[in-house]
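Please look through the model below with its fold, its surface and its charged side chains in mind. The paragraphs that follow take these topics in turn.

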Amino acid sequence: MILKDDIKAIAFDADDTLWENQPFFDDVEEKFCSLLSEYGGCGHIREELFKTEMKNMDELGYGAMAFTLSMIETALRVSGNCVPAGKISEIYSLGRSLLRIPAVPLEGVAETLEKLIRRSAFRLVLMTKGSMLDQQRKLERSGLKRFFEHVEIVSDKDENTYRMVVESLGIEPSELLMVGNSFKSDIAPVLQIGGYGAYIPFHTTWQHEKTEEFVHPRLVRLERFSELCDLL
């Protein structure tokens with residue numbers, strides 16, 4: 001149950017919460033597998049790519065460029081360093097295309113943020129992870145920047161990160177509501193530090209973000225973004 005009188009700030013995830021993101025990565029991954037079909041089936045190539053992404057996570061983090069470098073590294077490995085330069089060029093182009101994701105707001109997002117900001121009861125915060133420049137550009141393209149008084153682009157979302165964010169906002173964890181599509185990154189850590197969570201699942205989820213879900217007295221699950229207004 002969300003006690004709206006306790007909430008002072010609402011933090012929003014960006015990718016696949018405010019705008020579509022993962023489907024573009026899924027499409028690129030499908031094309032990547034097709035390019036490397038002579039070196040293995042799609043399932044094998046996907047598995048090898050995911051292994052590379054996880055290995056590189058600490059150094060490269062999240063986002064389009066990290067994904068691109070992991071694709072190139074995977075292509076070299078599964079081909080025994082025999083993949084033609086032309087295919088490497090195609091993989092690079094596929095990766096660069098992810099820097100141009102249109103970031104069109106999902107249904108109900110702009111209207112809901114408009115209603116929330118008119119109430120003047122909550123501080124609206126954007127909290128997303130990934131490449132700073134890439135996330136900033138997506139936010140600009142989305143047209144949603146005007147709704148947020150504070151933007152946090154972080155390398156990862158864990159309990160310590162959320163503690164730092166609430167401290168920077170000058171509030172207690174119990175005064176934060178986090179809204180997002182990833183139970184692992186957006187919801188569980190906030191609940192663990194004493195905050196509230198509004199979970200809005202997206203129709204596709206990156207393998208790394210999948211985790212066991214659970215019920216919690218400070219957690220609500222929404223089907224649509226617009227339901228936030230009814231909640232608060």
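Of the 232 residues in the protein chain, 51% are buried, where buried means under 20% relative accessible area, exposed over 50% and partly exposed in between, for a 1.4 Å probe and protein chains only. The model is a predicted one, in which local features need pLDDT of at least 70 and side-chain atom pairs count only at pLDDT 80 or more, while totals for chains, interfaces and linings use all residues. Residues are numbered from 1 along each chain as its sequence is written, and side-chain values use heavy atoms, with hydrogens and water left out.

The secondary structure of the protein chain comes to nine helices and six strands, counted as DSSP runs (helices H or I of at least four residues, strands E of at least two) and numbered from the N terminus. The radius of gyration is 19 Å, close to the 17 Å that the globule rule gives for 232 residues, so the chain is as compact as a globular protein of that length; the radius is taken over C-alpha atoms, and the rule is 2.2 Å times the number of residues to the power 0.38. Along the principal axes, the C-alpha atoms fill a box of roughly 60 × 30 × 30 Å. Among contacts (heavy atoms within 4.5 Å) between residues at least 6 apart in sequence, 70% join residues at least 24 apart.

Turning to charge, the protein chain has 27 positive and 38 negative side chains, and the centres of the two sets lie 3 Å apart; Lys and Arg count as positive and Asp and Glu as negative, while His and the chain ends are not counted, and each charge is placed at NZ of Lys, CZ of Arg, CG of Asp or CD of Glu.

The whole structure holds 22 salt bridges, each defined as a side-chain nitrogen of Lys or Arg within 4 Å of a carboxyl oxygen of Asp or Glu. One of them joins E175 and K8, with the closest N and O atoms 3.1 Å apart. E175 lies in the loop between α7 (159–169) and β4 (176–180) and K8 in the segment before β1 (9–12), so this pair ties together parts that are 167 residues apart in sequence. E175 counts as buried at 15% relative accessibility, whereas K8, at 44%, is partly exposed.

The salt bridge between K31 and D27, with closest N and O atoms 3.2 Å apart, lies within helix α1 (residues 22–35), where the two residues are four apart and therefore separated by about one helical turn.
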